[in-house]
Amino acid sequence: MSATGLGASVRRKEDLRFITGRGQYTDDINRPGQAYAYFLRSPHAHAEIKSLDTKAARKADGVLAVLTGDDIAADKVGGLICGWMIHSKDGSPMKAGAHPALAQGKVRYVGDHVAVVIAETLAQARDASEKIKVDYKVLPAVVDMNDAVKKGAPVIHDVSDNNTVYNWHLGDKAATDAAFAKAKHVTKLDLVNNRLVPNAMEPRAAVGDYEPGTESFTLYTTSQNPHVARLVLSAFIGIAPEHKLRVIAPDVGGGFGSKIFIYAEETVCVWAAKKVGRPVKWTADRSEAFLSDAHGRDHLTHAELALDEKGKMIGLRVNTKANLGAYLSTFSSSVPTYLYAPLLSGQYDIPAIYAEVDGIYTNTAPVDAYRGAGRPEATFVVERLVEIAARETGADPAQFRLKNFIRTFPHQTPVIMAYDVGNYQAALEKALEMADYRNIGKRKAASAREGKLRGIGFSAYIEACGIAPSAAVGSLGAGVGLWESAEVRVNPIGTVEVLTGSHSHGQGHETTFAQLVSDRLGIPIDNVSIVHGDTDKVQMGMGTYGSRSGAVGMSAIFKALDKVIAKGKKVAAYCLEAAADDIDFKDGKFSVKGTDKEIDFGSVALQAYIAHKFSGQDLEPGLKEGAFWDPTNFTFPAGVHICELEIDPETGTTRIDHWTAVDDFGRVINPMIVEGQVHGGIGQGVGQALCEGAHYDKSGQLVTASFNDYCMPRADDLPSYNVGMTQTPCPSNPLGIKGCGEAGAIAAPPAVINAITDAVGHENVAMPATPLAVWRAAQKAVMKKAAE
Amino acid sequence: MPKVSMTVNGKEVSGNIDSRTLLVQFLRDTLRLTGTHVGCDTSQCGCCVVHVDGKALKSCTVLALTLEGANVTTIEGLATDGKLHPMQEAFRENHALQCGFCTPGMIMTSVDIVNRKGNKLDEQTIRHELEGNLCRCTGYHNIVKAVAAGAEAMAK
């Protein structure tokens, strides 16, 4: 392994600009003559707009335009879309209510977009927005899913009279019922998967620009998938045809799913740029982000696990209500269905599974993918059930898992997925060793002597990444294919630019992708640059989410590099006066088999362009190749996380003492970056478990709408992490990569809650397990012990 | 509009600004020093930390007009003579950043921690001192390592 090749912890190429303040985030971009947009948002969760008077605002200082839903309608700007069709059990299509970029007659959540003011300065736009007179007829709002489906509940969209988007199911109900009928033991559990606000540190932003001379638009935006944004803005919203719309997602300050979606604000900015004849900039302040970024999770679930007399799992039954908010965001429909239920088999051999999911409208912000997207929700269900089942049957939680693990591969689960490869017991055994599980009893006793409660919790997670085989997701309702593209441009002096449809917003692609190129072409890593995030440079791509950039994006680069090497061999053959079939390529040198004749990669590149050694009829000049990679299967990263914590029963304070993570991501390109992804994922997962939670009051006001009110995990809330790995290379892509971006966020919440419930004596503690919630549970444990 | 003058990264600068202008807006919008970021509107996130007269300050908490004559250092001014500050080097070496958005504030805060607390920092101290800076990517693990390493490097 070279110092910069595959498997090396190469320091990141992108860091220089970030540590010196030279990053270029969307809000750092200023266009000549730029004006500023400010959105007037609904203060009500549910209301009719009786009238909207913008006269005074239009006359205010510096105002260029005040635009409303009427202007959107007059210009035939299409509504925002949901790109994944889900069908209910009865075969009927999901009930998708219209989602205009600016409200038309009705607002459906606090923060919904009523009007936009465009002015010379942001302060002027904000001041003028206060002069807009809106006459609202306030309607009853519903924020609770159970209330939303009751008869007589306020109807949010006319297309669904019971606020239900779909009643979906997966699996074999009859087989599952039969398994439960013969079960020796059934573990039952009601769970809330708490609603989260993604909170990437960079708030969303957009700059729309229109060039009348070429009738073309440019949109700078905080996107994880600029090509998907362009496709939607062109094909569905109708801003401009794709060749007249350039979307640039420059440096993006974190996404975690929330920047996948095509939102109202960027739609309005790019549309308004033409309307006012000026570039239009909008940057969310954090309060706006809380109100209008798509939120995550928010499930109510009842689940049951059936065991036979030997403690083997024989059936799993899950019923989930998923809050989809007031409108269907871009991929929202898929998250609690196909990204959720197919993972309910976890790492276990469960012969029968049946899941029912109801997608529900409420008067809250739209809910969509957030780090893990469906898979953390599935893992929380499975790993909480498994832990409790072990306790109920008197089994050690580690041994109970080992007994039920899938041992042979490939393994077809009863819920779509065919796991290709894995070694679950290896990860668990390694984690037990790293966590010093055998001495947990001693540590618990030591804590008890101090008047503290110590607990240990397991989470053996699995996820489906490398999203996804296009035909397969198409058959499940996806509106797009989920391949990835790459183009490798070799310059005449042998330096290389790689254009990728993946998008880096913290993942370090500029380094890992360059490692691949450097390794395969045998050229210095500094001679490679990675180009992404600009639809004028990269032809097409599907972007970055679902831990897909390594498994899918790098596979496309791998394939394009194959083509470059094949073409290089042909050029080298002319240079070395040999047959192309006789040319080998290794360590940056083309050589003739069995001879010492060789030529280096840079020289071949130059010869490809000066084209003196071959005729244009025999071989095209140049060295540039592209490829699309469409995966043949999902990838299945899996692992075991163990959380050990100590609770002070007097204060309810939870302190995580040891975190052990053993993950199988298949082949690892840059361990430093992969470990960083694991750390960050655990941080978010622990945040969900211990402190984060978005809360709407009954009237639909978001009462956790700032960092003062929504508890983000801070440095002293989190532990250091002990990260280990096992490896079973993925067979379905050339590099054997499975993906690592979401693992921590998927694994962590059940590990924390399992540990807390272990510490306090098996009480069910809901997330977020705040000090108050833990104190209550701990006091019960203390009192129970005193009573004994 | 009133005028304000101050020294930013060693240069005399001035601007006529709306009296509502915060220091961070003056830096970003007037001076186009966009390395200082805005991650919230409640002075919680720390993305906007700069040094004013040698001390860390959230630049969203102060009106630019109140800093007449002040000496301000932003992330762009931390490296001197083309050489990275040891704390910048430590962040890169320890992979203490992913998306990079919180990084300028984190680095400016970290330098300030060392100025106040010295070059030998234990994990607990670092975690406590970083309370005013949010990071969503790293889980803080590598930031804590970087601050400890950067603190030691600053002694040299």
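Predicted model: local features only at pLDDT ≥ 70, side-chain atom pairs only at ≥ 80, totals over all residues.

**Chain B: two domains**

I began with the spacing in chain B: the C-alpha centres of domain 1 and domain 2 of chain B lie 21 Å apart. The division puts residues 3-77 of chain B in domain 1 and 86-154 in domain 2, with bounds from an automatic or database domain assignment. Residues are numbered from 1 along each chain as its sequence is written, and chains are lettered from A and ligands numbered from 1 in the order in which they are written.

Next I looked at the contact between the domains of chain B, which takes 15 residues from domain 1 and eleven residues from domain 2; residues are in contact if their C-beta atoms, placed from the backbone, lie within 7 Å. On the domain 1 side, strand 3 (49-52) and strand 4 (55-58) of chain B are the elements that give two or more residues. Strand 3 of chain B gives the most, with three residues.

**Chain B: overall build**

I listed five helices and five strands in chain B, in the order β-β-α-β-β-β-α-α-α-α from the N terminus. These are DSSP runs, numbered from the N terminus: helices are H or I with at least four residues, strands E with at least two. The C-alpha trace of chain B spans about 45 × 30 × 25 Å along its principal axes.

**Where chain B meets chain A**

I found 44 residues of chain B in contact with 43 residues of chain A. Which helices of chain B each supply at least two residues of the side that touches chain A? They are helix 2 (86-93), helix 3 (103-117), helix 4 (123-129) and helix 5 (141-154) of chain B.

**A sheet in chain A**

I then turned to chain A, where five strands form an open sheet of mixed pairing in the order 7-15-14-13-8; two strands pair if DSSP finds at least two bridges between them. Strand 7 (164-171) and strand 8 (185-193) of chain A are the edge strands, each pairing on one side only.

Strand 13 (residues 299-307) and strand 14 (residues 313-325) of chain A run antiparallel and are joined by nine bridges. I picked out A306(A), whose bridge partner in strand 14 of chain A is G315(A).

Definitions and conventions: Contact = placed C-beta atoms within 7 Å.
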